[in-house]
Amino acid sequence: MTRRFLFVLGSARTDGNTELLARRAAEQLPEDVEHRWISLAEHPLPDFADLRRDSDHVRAPSHTNAGLLLDATLAATDIVIASPVYWYSVSGLTKRYLDYWSGWLRTPGVDFKATLAGRTLWGVAVLADREPSVADPYTGLLNNSAAYMGMRFGGVLLGNGSARGDVLKDTEALAQAKEFFTQDAPLARFPHQRAGSATR
């Protein structure tokens, strides 16, 4: 299958540090690899309604933002969550997009989980703190989401910055961006599964 990257931009502003870092990483992709960029700020989703116990799950029309994002997500072999670190996790825009996955799991005719199984989830994030461990909740959210879906997880490319353009001064992050999408992306595992396998 030809690789198709979907970059889901979760920042509230355009050309922010996270988007800059994601675009640097995308520059390294081979020319025959498709990539699509969708800004959640420019394509806002309505508040997510949890209908898991209801029966009226209907696939959103493609002309709506929810339909656009569903179609793009299903078409992608690689989904890149490009969200700044907000309060140690993903942005509210990004969390809402991931909440919609819950609804898509129950939408008739979509086979959302089966379609995404085996595909790859990646993360790109910029945070103001210079200690990368403060972004562990961010990485955990993406890893566990990938594990639940049966996806591969390529990890999170982290950069440092606060003011606009700061990440372009982070030489370590820019160097990692050159190799980020070339690395192996293993099948995601929950932390307790990894711990259990090590003791057997």
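## A walk through the core and its helices

A polar contact of 3.0 Å links the side chain of Trp122 to the side chain of Asp78. That is our way into this structure, which is a predicted model. Trp122 sits in strand E4, and with a relative accessibility of 1% it counts as buried, because the cut-off for buried is under 20%. If you look across from Trp122 to Ala146, you'll find their C-alpha atoms 9.2 Å apart, although 24 residues separate them in sequence.

Now follow Asp78 to its other partner. The side chains of Asp78 and Thr77 are joined by a polar contact of 2.7 Å. Thr77 belongs to the loop between H2 and E3. Is Thr77 buried or exposed? Its relative accessibility is 9%, so Thr77 counts as buried. A polar atom of the Thr77 side chain also lies 2.8 Å from the backbone nitrogen of Arg4. Setting aside residues up to four places away in sequence, Thr77 touches Met1, Thr2, Arg3 and Arg4, and also Arg119 and Thr120.

Let's step back and look at the nonpolar core. The largest one has 37 residues, and the ones with the most contacts inside it are Ile79, Tyr97, Trp101, Phe112, Leu121 and Tyr138. Several elements supply at least two residues each: the strands E1 (4-9), E3 (78-82), E4 (120-127) and E5 (152-160), along with the helices H2 (65-75), H3 (92-105), H4 (112-116) and H5 (136-149). Which helix gives the most to this core? H2 does, with six residues. Apart from this core lies another one, made of 22 residues, and among them are Phe5, Leu21, Val33 and Phe181.

Leaving out neighbours within four places in sequence, Tyr97 is in contact with Leu6, Val8, Leu40, Leu45, Leu69, Thr73, Ile79, Ile81 and Trp104. Pick Thr73 from that list: its side chain and the side chain of Tyr97 make a polar contact of 2.8 Å. Thr73 is in helix H2, and its relative accessible area is 0%, so Thr73 is buried. Beyond residues up to four places away in sequence, Thr73 touches Leu6, Ile79, Tyr97, Trp101, Trp104, Phe112, Leu116 and Arg119.

Two packed helices are described by the angle between their axes and the distance between the axes. For H2 and H3, the axes come within 11 Å and cross at roughly 80°. That angle makes H2 roughly perpendicular to H3. On the H2 side, the residues that meet H3 are Ala66, Leu69, Leu70 and Thr73, and on the H3 side they are Tyr97, Tyr100, Trp101 and Trp104. Sorted by class, this contact has seven nonpolar residues, one polar and no charged ones.

How are H3 and H5 arranged, roughly parallel or roughly perpendicular? Their axes come within 12 Å and cross at roughly 10°, an angle under 35 degrees, so H3 and H5 are roughly parallel to each other. Leu98, Trp101 and Leu105 in H3 meet Leu141, Leu142, Tyr148 and Met149 in H5. By class, the contact of H3 with H5 has seven nonpolar residues, no polar ones and no charged ones.

While you're in helix H3, stop at Thr94, which lies there too. Thr94 has a relative accessible area of 0%, which means that it is buried. Its side chain makes a polar contact of 3.4 Å with the side chain of Ser83. Not counting residues up to four places away in sequence, Thr94 touches Gly10, Leu40, Ile81 and Ser83. Between the C-alpha atoms of Thr94 and Leu45 there are 9.9 Å, and these two residues are 49 apart along the chain.

Last stop: helix H1 (residues 17-26). Why can we call H1 largely enclosed by the rest of the structure? Seven of its 10 residues are buried, so that is how H1 ends up with that description. The buried ones are Asn17, Thr18, Glu19, Leu21, Ala22, Ala25 and Ala26. What do they pack against? Their partners are E1, strand E2 (34-39), E3, E4, E5 and helix H6 (171-179).

Technical notes. Residues numbered from 1 in each chain as written. Predicted model: local features only at pLDDT ≥ 70, side-chain atom pairs only at ≥ 80, totals over all residues. Heavy atoms only, no water. Core = buried A, V, L, I, M, F, W, Y, C linked by side-chain atoms within 4.5 Å. Buried < 20%, exposed > 50% of the residue type's maximum accessible area, 1.4 Å probe, protein only. Helix = DSSP H or I, 4+ residues; strand = E, 2+ residues; numbered from the N terminus. Contact = heavy atoms within 4.5 Å. Polar contact = N/O pair within 3.5 Å; in protein donor to acceptor, adjacent residues only side chain to side chain. Axes fitted to C-alpha atoms, helices over the stretch in contact; angles between N-to-C directions. Parallel < 35°, antiparallel > 145°, perpendicular 65-115°, else oblique. Nonpolar A, V, L, I, M, F, W, Y, C, P; charged D, E, K, R; others polar.
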